[in-house]
Amino acid sequence: MTLAKRVPIFLLRLLALGASVTAAVVMVSARDSAQVLNVTFEANYTNSPTFKYFVIINAVAGGYTLIVLFCPSKVSLFRFLLVSDLIVTLLLDSSVSANIAIGQVGKHGNSHAGWLPICNQVPKFCNHVAGALIANFVASLAYLVILLYSLHIVLNLPKP
Amino acid sequence: MADEKVVEGAENGACQTPVVSANKANDWLIFLLRLFAFFATVSATVVMAINKQTLTVVVATIGRTPIQASVTAKFQHTPAFIFFVIANGLASIHNLLMLIVELIGHKFDFKGLRYLLIPILDMLNVALVSGGTSAAVFIGELARNGNSHAKWNKICDKFSTYCNHGGGAMIASSIGLVLMIIVTVISITKLRIQKSQNYSRLP
């Protein structure tokens with residue numbers, strides 16, 4: 001594969017690495033405490049299994065991208081790389097989707113289930129979570145573009 | 001090899017041409033897997049879309065007559081479930097289209113565009129279904145266990161039928177997701193890059 005074809009993928013992987021590591025770090029550092037009737041309660045990422053899943057998936061995606069960045073690109077490994085890229089894209093996509101769902105419940109509540117929104121009491125936590133979600137979204141978009149570009153390289157369509 | 005056909009024209013010289021193996025067993029395997037994935041996603045959509053449970057609770061008692069109010073749990077109450085239904089609906093439409101294309105697509109000539117579009121659309125739909133499934137699974141987990149830190153109570157002990165039906169839809173969607181992943185991986189590995197020598201465009 002020529003250098004001109006490898007450079008965009010390398011840059012996109014750098015972007016995905018930065019975005020997923022940022023997402024994991026911002027989520028881990030999200031913390032706020034609120035006082036309700038003389039009782040302090042702390043909002044932390046460990047409070048919800050969804051947020052723990054978020055941190056794990058982003059850490060795995062960041063580690064995978066780091067390994068693949070420094071991998072020599074041979075033609076024989078290309079298909080395996082496509083498949084593993086697909087799996088990592090899936091994982092990032094599922095984590096952003098689940099956390100947007102939980103974040104929406106935290107911000108707006110769910111009147112039918114009797115769940116009150118919590119973002120009024122812990123605004124710093126909510127802002128950190130929103131930032132981490134944006135970073136994760138950028139990472140999953142970058143991986144989607146990597147996938148499509150890799151397919152475009154494989155299928156060498158002749159120009160009309 | 002006897003059962004490979006070059007489907008793309010190539011520039012001169014030793015460049016890389018995608019080659020698709022025309023293995024019959026592979027095609028039937030993909031067809032069967034897609035059929036099962038179609039059934040799985042359709043059943044997930046339908047089961048979640050008709051998921052509904054109504055409970056009557058006694059709110060107050062005036063004299064001897066209890067005043068009752070009915071509380072309904074529907075899938076439209078949660079945006080995650082709405083996304084789940086939409087994602088699985090779109091994926092089942094995609095599976096149906098791909099099944100039809102595999103059955104009657106041999107008559108039409110798309111000039112090789114088919115071999116580009118099918119893996120791309122497969123990947124996009126796999127991402128869609130994975131997003132829908134994971135959102136619904138985590139919201140369902142919240143409904144089943146509640147969250148003591150945020151003071152969100154669990155609702156599955158009262159609406160047990162609603163929760164069980166929703167769980168069944170999520171299981172069906174997960175099975176459909178795994179099958180669609182396998183189909184995508186097979187159709188990716190069917191594309192092979194081969195260095196070709198002086199292939200010209202097929203007549």
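Author: Strand β1 (residues 32–36) of chain A and strand β2 (residues 39–43) of chain A run antiparallel, and five bridges join them. Together β1(A) and β2(A) make a hairpin, with two residues between the strands. Look at Leu37(A) in that turn, where phi is positive, about 55°. While you're tracing the strands, here's a handy rule: in a regular strand, side chains alternate between the two faces of the sheet.

Keep in mind that this is a predicted model. As a whole, the model scores ipTM 0.87 and pTM 0.84.

Now hop over to chain B for a contrast in setting. Thr133(B) sits in helix α3 (residues 113–145) of chain B. Because its relative accessibility is 5%, and buried means under 20%, Thr133(B) counts as buried. Beyond its neighbours within four places in sequence, Thr133(B) touches Phe84(B), Met170(B), Ser173(B) and Ser174(B).

How about trust? Chain B has an average pLDDT of 80, with 80% of its residues scoring at least 70. Residues 1–17 of chain B, though, have pLDDT below 50, even while the model gives this stretch 46 contacts beyond near neighbours in sequence. Residues 193–203 of chain B also stay under 50, with 23 contacts beyond four places in sequence.

Conventions. Residues are numbered from 1 along each chain as its sequence is written. Chains are lettered from A and ligands numbered from 1 in the order in which they are written. Side-chain values use heavy atoms; hydrogens and water are left out. Helices (H or I, at least four residues) and strands (E, at least two) are DSSP runs, numbered from the N terminus. Buried means under 20% relative accessible area, exposed over 50%, partly exposed in between (1.4 Å probe, protein chains only). Contact means heavy atoms within 4.5 Å. pLDDT is the predictor's confidence in each residue, from 0 to 100. Two strands pair if DSSP finds at least two bridges between them.
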